[in-house]
Structures are given as structure tokens and as C-alpha cells.
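Below is a short briefing on salt bridges, packing and backbone angles in one model. The sequence and coordinates come first, followed by the notes.

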Amino acid sequence: MSTPSPLLSHPGAVAVDGGSVPAHFGSPLREQRELAEGAALVDRSDRDVLAVPGADRLSWLHSLLTQHLERLADGTGAEALGLSPNGHVEHHLVLADLAGTTWVDVEPGTGAALHAYLERMRFMLRVEPALVTGSWALLALVGPRGDAVLTAAGLPVPAEPYAVLPLDGGGWVRRMPPIGDGAPVVDLLVPRADLAARAGALVDAGAAPAGVDAYAALRVQARRPRLGVDTDHRTIPNETPWLGGAVHLAKGCYRGQETVARVHNLGRPPRRLVLLHLDGLAEQLPEAGTPVLTGTRTVGRVGSVVRHHELGVVALALVKQSVPMDAELTVAGARAAIDPDDAPTALDDTVAAARERVQAVRSGTIPR
């Protein structure tokens, strides 16, 4: 467990089970509404942070990751994945390039493994990756009034998604894609020693404290998965929205590219990420990894399961591509239904024809 956040000393703060940041401050549903309608500050300082300075950093990361990074402009960011040789997702990285350093934040507890991999891949290049979680911490300011809070606190306001601006005293502020039903998000990287002071200044400027439970509810609504929660060891990018935001489909070779390209060009992936609506009758929410069943047959697994202030109990789930939209599903005994917006994408004629040809080759029935 990492060092407990100083924000846990705030009145009403309840820590994440086994974690170091506040899960909530006494009213998770009210906190969700602050994120959706006002401005709320979320302590995400449990995320691991890496710093990668060096003249070769962008071309080097470009060669290792799924994103096109070799010409990433100063003051911008991106999302990227690190894949296994078979194309399975091993890391989800959020990047910010500023003043000669590429900053990377990743899921809690995954930074050491990513750092070890990057060290193995350095060779003779001019890069110096370092795990700096002990010195730097991430906050998130969420909600339609977030920009007004930044302005009131005397902080810069990035305009476009993934725009990055420096903070006086070190760190940066980065615009991220919205969550929930369009709630704006900015991340702030601050010196860990200044975490309490920075958070206090934002609260004084009008942000309400909110826990990561509220953030998770809006993240689930927006179909934004978490590595290791909404994914498993078999997950490939094509099964998730990351294919559209963290993968550059036209860039050169990287580890695992063959799987990504083959599935994208010749057919649909074996599973797809969907939003499930659960009946909400059980007091205990299902845990991540709980099977999704149709009858007695397993057709998927749930990841994040949350109580949403408008949608009720909802979950992100990876289900088999063959599961019909009207399937009668259960999760830990609760009835579940796929959200109507998550119907599988129809194949266009070219892709469908290519897929049929591949299937014919595999079955030995291709016409001569």
C-alpha cells in the first residue's frame, strides 16, 4: 500500500478498501452530482507516475507503444497501450510531454513493472526513465464549473483535450476527455509535498471534495475502462474503446501490432465492452471478474460495478461478440441487460468479405 494521502484527514473522508485515497467523503451520490453538474476535486494520488527525459524519448516510446508519439508536440499529451507479443494489453499509459520530459501516469501498482520493462528496452538510447510516484501526485478536477475553479485559483486552463500547461512551482495541468454525460476533466500533476496545499487552494476556489467512487461512476457511464479491473489477461485493444483513443492504426511496428491489425482488418474481436444495467436488488455489488451468465453458460465477465446517481447499478463488462442485445443475462444472481447504445458495430461490405474469405481459408472451403 502506498503512503496514505493527506486528503484522508479531511472531515468525512473514508479510504478506499486497502487503498491510500478517499473513496468518498460521506455522500457518494451527492459527490457524483458535483462532478456532473458543478466542480469536484478527486484525489487520484495513488496512480503511479514515471518521468522519461532524454532526447530520444519520443521516438523510443513510439517504437514500444501503440500510439504515434515520435512527433508529439511540447505541451500535449496522449493515451497509449503497452502490449504483449500476442497483442494482450499489459499497460495503459496517459502521457504529457512538457519541456523535454514525457510524464506517464498509470494504474496504481503497475508503475514498477512498466519501469522495469522500459529499463530493459533502453539499449544505448538517450532516455532516462524513472519511477517518481514518491515525489509527484495526480489530482482530477471534474465538472462544468472546473475551468472557473482553475481561474479563481490562479491556475492555467488548457483548452483542448490532451493540452498540457505548466504550473508554477512544478507540475502541469492537462485537459482530458470528459466522463459521465460530458463532464469536463482536467488532471493536475503536483509535487507530492504540495498535495494538501494544492488541493486546499482548489477547494477554496469552489471545488467540492469527492472520492474516487464518484469518479468511477461517471467513468463507467462514459465506458472508460480501467486496466486490471475492466480487462483481464486475454484483453486485446480491439475489445475496448482504447482502440479509438490509445491506438494509432496507421503507425509502424510495435509489439503486439500483428494481432491488433489482423482483428481490425479481418473481423470483429471475440468480445466487446458494454454497459450492463443490473436490477440493483442485492445490497452487495458483484466484484470485478464475476461471470456474466445466460442461463448456466458464461458469456463474459464484469469489471467496474457502481451505483450511479441516475442510472442505478451499472457495470462495465466484456461479453462475447455473439451475445445478442436482448439476451437475458445474470450477474451473481442479479438480472442484467446490455445498454441499447452498445449494440455491436456492423461490418462494412469490404471487411465482411475479407472476414468470410479468411474463414473459408481456415475451413478449407475457399473456391479455386
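**Backbone, salt bridges and packing**

Ala-332 sits in the loop between strand S18 (329-331) and S19, where helices (H or I, at least four residues) and strands (E, at least two) are DSSP runs numbered from the N terminus. This is a predicted model, in which local features need pLDDT of at least 70 and side-chain atom pairs count only at pLDDT 80 or more, while totals for chains, interfaces and linings use all residues. Residues are numbered from 1 along each chain as its sequence is written, and side-chain values use heavy atoms, with hydrogens and water left out.

**Positive phi**

- Ala-332 has a positive phi of about 50 degrees although it is not a glycine.
- With a relative accessible area of 59%, Ala-332 is exposed (buried means under 20% relative accessible area, exposed over 50%, partly exposed in between; 1.4 Å probe, protein chains only).
- Phe-123, in the loop between H3 and S8, is a non-glycine residue with a positive phi, near 55 degrees.
- Phe-123 counts as exposed at 63% relative accessibility.
- For background, most residues other than glycine have a negative phi.

**Salt bridges**

- The count is 20 salt bridges, each being a side-chain nitrogen of Lys or Arg within 4 Å of a carboxyl oxygen of Asp or Glu.
- Arg-57 and Asp-97 form a salt bridge through their side chains, at 3.0 Å from N to O. Arg-57 belongs to helix H2 (residues 57-64) and Asp-97 to strand S6 (residues 89-98), so the pair ties together parts 40 residues apart in sequence. Arg-57 and Asp-97 are buried.
- Asp-105 and Arg-174 form a salt bridge, with their closest N and O atoms 3.0 Å apart. This pair links distant parts of the chain, 69 residues apart: Asp-105 is in strand S7 (residues 101-106) and Arg-174 in strand S11 (residues 172-179). Both residues, Asp-105 and Arg-174, are buried.
- Arg-223 and Asp-339 meet through their side chains in a salt bridge of 3.1 Å, N to O. Arg-223 lies in the loop between helix H6 (212-221) and helix H7 (242-245), and Asp-339 in the loop between strand S19 (334-338) and helix H9 (349-363), so the pair ties together parts that are 116 residues apart in sequence.
- Arg-223 counts as buried at 18% relative accessibility, and Asp-339 counts as buried at 10%.
- A network of salt bridges links Arg-44, Arg-47, Asp-105, Glu-107, Arg-174, Asp-187 and Arg-226.

**Sheet and packing helices**

- An open sheet of five strands has the order S5-S6-S7-S4-S8, with antiparallel pairing (two strands pair if DSSP finds at least two bridges between them). S5 and strand S8 (130-131) are the edge strands, each pairing on one side only.
- S6 and S7 run antiparallel and are joined by five bridges; Asp-97 has Thr-102 in S7 as its bridge partner.
- H2 packs on the sheet, touching strand S4 (48-53), S6 and S7, and its direction makes about 35 degrees with that of S7. Contact means heavy atoms within 4.5 Å; axes are lines fitted to C-alpha atoms, for helices over the stretch in contact, and angles run from 0 to 180 degrees between N-to-C directions.
- Helix H3 (residues 111-120) lies across S4, S6, S7 and S8, at about 20 degrees to S4.

**Helix H8**

- In helix H8 (residues 257-266), the buried residues are Gln-257, Thr-259, Val-260 and Val-263. Seen down the axis of H8, these fall within an arc of 165 degrees, so they line one face of the helix; the arc is that of the directions from the helix axis to the C-beta atoms.
- The buried residues of H8 pack against strand S5 (76-83) and H7.
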